[in-house]
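Hi,

Here is the structure I promised to hand over. Have a look at it first, and my notes on what turned up follow below.

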Amino acid sequence: MGYTTITDNYYRDVSPQRLLDGARTGMVAYLRGRGIAEPAVALMHARPDGRGVVPAIEQQLGKAIDRYGARVDARALVYGAIRGELAALHDPYSVFFSRPELRGFTTALNGTSFGGIGVVLAYDADRHYRADQVFAGSPAARAGMLTGDRIAAIAGKPADALSSDAVAALLHGRSGTLVHVDVVHAGDPVIQHLAITRAPITPPDVTARLLPGNIGYLELRAFGPAAGQQVHAALARLRAGGARATVFDLRGNGGGYESSAVRVASAFVPPGTIVITQTNHGRKTSTAADGTAPEPLPLVVLVDRDSASGSELVTGAIADHHLGKVVGARTFGKGVVQTMFPLPDGSAMKVTTAQYFTPDGRDIDRIGIEPDVPVAEPPGAEHGVAGHDPQLDAALGLLRTLETNAPSVPSSKS
């Protein structure tokens, strides 16, 4: 199933030999991890038509199980082969989840309460994970983690070698259990070894409030299942409170469900294209707004280099329809879509199945979206706090100009 899922659904053509080599590499890595110094896993060769690949992998799995007996967990060895196939794609977004890893990943993505440490991580310009926000009173804060700390290791694994999904899976777990996190405080090269006891964490996905001058401020942290409904409701509350313009903050938002991103974009985009997707067969599909967007207000979208995937989908739609300005830093550049494929034992594969383009056909993968008004974020900036957030201050200044040309909002709607 691992092999056929990739070949049938991956958004680019993949040679059978590449996946065979990956499966072997994954099996060898697992066996070495079990203390077998020189695992005997034969090289496999694919036929030009790709036939016979699955039997070849199954044969090597069976021989390894027979050869090493009790030293091998058959299920874990199969997992190793699948992980190897996915690693051979050199695609950081196509990953394998065991059942516990999948539970941790989906719980965090769905925005429900989960056992965690209470920290939002960001991937900085030096390709390190850092604590972008440590929730007050959280397990991480009580253990001594500070905003800005570099994450050196999690559960003994070097953080820089982990995907974002793997990091989330390691940090999340049953409340009351320990996770060991090594951090480096800013300006202090000494590694701090923190033992953090997980506790129930319910991260707020959406916050909204009125800023001085009747500017609505809306922050979305993730595209969970209810993100579209929550954004629509928050915008309605801001308008009812007298908002004359909106700042939509997508900084640090790494994405989530594509369907949720489309619903969020529909809160701003009138009838028209939101996103164009293309599969490995070259077939393109356009997804349109659902027609629920109210009359537009002057709008600024805040982004940074951690704004990715769904954040870029929404930002691209707003920008291409000329509905608002983009302020901040160039976005991450993740213009691909993943689909989750469950496996029979409760594990799953997350595989990149399509590439997406903005309504104007822009490819932003590994490119990102350049803001209309670039504004750097200095150390110590406080997101959402006017006067202490230069990117927000730039957005507010820009809105003073945009407001004068905005259409009026009707007092009632039938």
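Pro371 touches Val326, Val327, Gly328, Ala329 and Arg330, leaving aside residues up to four places away in sequence; contact here means heavy atoms within 4.5 Å. Pro371 sits in the loop between β18 and β19, and it is buried, with a relative accessible area of 6%. (Buried is under 20% relative accessible area, exposed is over 50%, and partly exposed is in between, with a 1.4 Å probe and protein chains only.) Pro371 and Phe357 are 14 residues apart along the chain, and their C-alpha atoms are separated by 17 Å.

Before you go further: this is a predicted model, where local features need pLDDT of at least 70 and side-chain atom pairs count only at pLDDT 80 or more, while totals for chains, interfaces and linings use all residues. Residues are numbered from 1 along each chain as its sequence is written, and side-chain values use heavy atoms, with hydrogens and water left out.

His90 lies in the loop between α4 (74-87) and β1 (95-97) and counts as exposed at 65% relative accessibility. For context, most residues other than glycine have a negative phi, and most peptide bonds are trans.

Now the sheet. Helices (H or I, at least four residues) and strands (E, at least two) are DSSP runs numbered from the N terminus, and two strands pair if DSSP finds at least two bridges between them. Six strands form an open sheet with mixed pairing, in the order β10-β11-β12-β15-β16-β19. β10 (206-211) and β19 (373-374) are at the edges with a single partner strand each, so one side of each has no neighbour in the sheet.

Working through some of the pairs:

- β12 (residues 245-249) pairs with β15 in the parallel sense over four bridges, and Val247 has Val300 in β15 as its bridge partner.
- β15 pairs with β16 (residues 325-328), again parallel and over four bridges; here the bridge partner of Val300 is Lys325 in β16.
- β16 and β19 are parallel too, over two bridges, with Val327 opposite Val373 in β19.

β15, α10 and β16 make a right-handed β-α-β unit (right-handed if, with the strands pointing away from the viewer, the path from the first strand over the helix to the second runs clockwise). α8 lies across β10, β11 and β12, and runs at about 165° to β11. That angle is between N-to-C directions, from 0 to 180 degrees, with axes as lines fitted to C-alpha atoms, for helices over the stretch in contact.

Val314 touches Phe223, Phe248, Leu250, Ala261, Val264 and Ala265, not counting residues up to four places away in sequence. In α9, Ser260, Ala261, Val262, Val264 and Ala265 are buried, and the buried residues of this helix pack against β11, α8, β12, β13, β14 (284-288) and α10.

Last, β7 (residues 178-184). This strand is mostly covered, with five of its seven residues buried. β5 (residues 150-154) pairs with β7 in the antiparallel sense over four bridges, and Ile151 has Val183 as its bridge partner. β7 also runs antiparallel to β8 (residues 191-197), joined by seven bridges, with Leu178 opposite Thr197. The hairpin of β7 and β8 has six residues between the strands, and Gly187 there takes a positive phi near 80°.

Cheers
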